[in-house]
Amino acid sequence: MNRIEKDTLGEIEVEASRYWGAQTERSRRNFQIGEKMPIEVIQAMAELKKACAIVSGTEGRLLPEKQSAIAAACDKIISGELDDHFPLVVFQTGSGTQTNMNVNEVIAHVAEVENGIAIHPNDDVNLSQSSNDTFPTAMHIAAYEAISASLIPEIKALEKGFAQKAAEYQTLVKIGRTHLQDATPLTLGQEISGWQAMLTRALKQLEISAKELLPLAIGGTAVGTGINAPQGFGERVATQLEKQTGYPFSSDPNKFFALTSHSPLNFVHGALKSLAADLMKIANDIRFLASGPRSGIGELEIPANEPGSSIMPGKVNPTQCEAITMVAAQVMGNDVTIQIAASQGNFELNVYKPVLIANFLRSVHLLSDGIRSFRIHCVQGLKANEAVIKDKVERSLMLVTALSPHIGYEKAAQIAKLAHQNGWTLKKAAIQTGYLTEAEFDQHMDPLKMTGLGL
């Protein structure tokens, strides 16, 4: 069963059970391209519409009963009760106008049905607003919320996980590697502390950059001048949003910038890309250190979460490392889309908004989910293979570095070369050269002291 809805283009049929109106229906029919608009954007838009209604009602520009009805409908959207009534896709108008109207129409319909009050999607729900300032405002709200509620807690949890592993293996000496070649010793705890520090820095960078999302476009209306909105409307809505969300939103002092530039989102996604690069490095280190178990490095043991092969019995693969590196690759790809989209602010409006926020949120959620999975199913069960680590330290030629201060670089190099050519230990080669006695060699050759510990 259908009902008739009207807009400025005329009449159109809408399925009776759906709460959207004519403009939503036209977009639904005209743009059947790819995935739907992220629900976080819809919920952020409802949060904004609620704030606008409260401000307008408080100032006497919206009847109290309309304010109350709109706010109640917004709460239903925010809670997820009405998710099925937002059918529009990312690849629509670049301003997000159709999603803005989708939200307006659903709010008006729900408010009218449940309260028996005639509410107009444009005149009431969209009062003092334009798609050009509401959609970028919703973008910032959704992005900041996703980072704060989803991603930051996961980064902190993984950082803590590595801190625990670093403490556990703080004195376990292993051979270091530079240029994929043997280098001087360090401890496994020191190596892991480097991974931990990457996350500490990434978290700090993200928290600092995310503050760029707090200034909002609301109040700029069509082109940034604030036409049809009262003076100071943006500031008052931002204050109301802070009350509703707990986040310190503010009104962007330059609305012309806020409508046409998305450099804040581009900037923050740079921090996400940097985090992805760090995760790529950490996961690659772990899977190479766990390679083997007999023909690789084999210094780490990873959890055996699932069979690794359909043909090779007993094989275990570093699947969590593979998953998080694929996430990192996708985030890096998203960053390219976001950079291109952010560069397309022509005159007073950027019209790549939907694809920009969709990719931004995709990155946040992929990183949040990927980090959680990596922590639970890999890092928590990570163990050192101490026998392999000890053997590699004892056989390493780069321990000879500790002899350089005592006999010089050239003589130390001769010892290393002689040991390598003959398959000898460094001690045997050193004694053969006559440069050191056995007692002198043992005195200078303390791998733990070479790590900077045990001094």
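## A quick tour of the pockets, cavities and helices

The largest pocket of this structure has a volume of about 470 Å³. Lining it are 20 residues, and those closest to its centre are Ala-290, Gly-292, Pro-293, Ile-302 and Val-316. This is a predicted model, where local features need pLDDT of at least 70, side-chain atom pairs count only at pLDDT 80 or more, and totals for chains, interfaces and linings use all residues. Residues are numbered from 1 along each chain as its sequence is written, and side-chain values use heavy atoms, with hydrogens and water left out.

**Pocket and cavities**

- On a 1 Å grid over the protein atoms alone, a pocket is an open set of points with protein on both sides within 12 Å along at least five of seven lines, while in a cavity a 1.4 Å probe fits but cannot get out; lining residues have an atom within 4 Å of a point.
- Grid points are joined across faces, edges and corners, and a volume is the space filled by probe spheres set on the points.
- The lining of the largest pocket divides into 9 nonpolar, 7 polar and 4 charged residues (Ala, Val, Leu, Ile, Met, Phe, Trp, Tyr, Cys and Pro count as nonpolar, Asp, Glu, Lys and Arg as charged, and the others, Gly among them, as polar).
- The whole structure holds 2 cavities of 30 Å³ or more.
- About 60 Å³ of space lies in the largest cavity, whose lining includes Pro-136, His-140, Asp-252, Phe-257 and His-262.
- Elements giving two or more residues to the lining of the largest cavity are α6 (131-168), β5 (215-216) and α9 (255-260).
- That lining of the largest cavity has 7 nonpolar, 3 polar and 1 charged residues.
- The second largest cavity has a volume of about 40 Å³, and its lining has 4 nonpolar, 5 polar and no charged residues.
- Among the residues lining the second largest cavity are Ile-302, Asn-305, Asn-317, His-377 and Cys-378.

**Overall build**

- The chain has 18 helices and 10 strands (DSSP runs numbered from the N terminus, with H or I over at least four residues for helices and E over at least two for strands).
- Its radius of gyration is 30 Å, whereas a compact globule of 455 residues would have one near 23 Å (taken over C-alpha atoms, with a globule rule of 2.2 Å times the number of residues to the power 0.38).
- The C-alpha atoms fill a box of roughly 100 × 50 × 35 Å along the principal axes.
- Of the 455 residues, 50% count as buried (under 20% relative accessible area, with exposed over 50% and partly exposed in between, using a 1.4 Å probe and protein chains only).
- Of contacts between residues at least 6 apart in sequence, 72% join residues at least 24 apart (contact means heavy atoms within 4.5 Å).

**Helix α3**

- The 16 residues of α3 (residues 64-79) should span 22 Å at 1.5 Å a residue, and the end C-alpha atoms are 23 Å apart, which agrees (the expected span is 1.5 Å times one less than the number of residues).
- Lys-66, Ala-69, Ile-70, Ala-71, Ala-73, Cys-74 and Ile-77 are the buried residues of α3, and their cover includes α2 (39-58), α4 (97-115) and α5 (121-125).
- After α3 comes Gly-80, with a positive phi near 95°.

**Ile-282**

- Ile-282 sits in helix α10 (residues 263-289) and counts as buried because its relative accessibility is 0%.
- Leaving aside neighbours within four places in sequence, Ile-282 is in contact with Phe-162, Trp-195, Met-198, Leu-199 and Phe-374.
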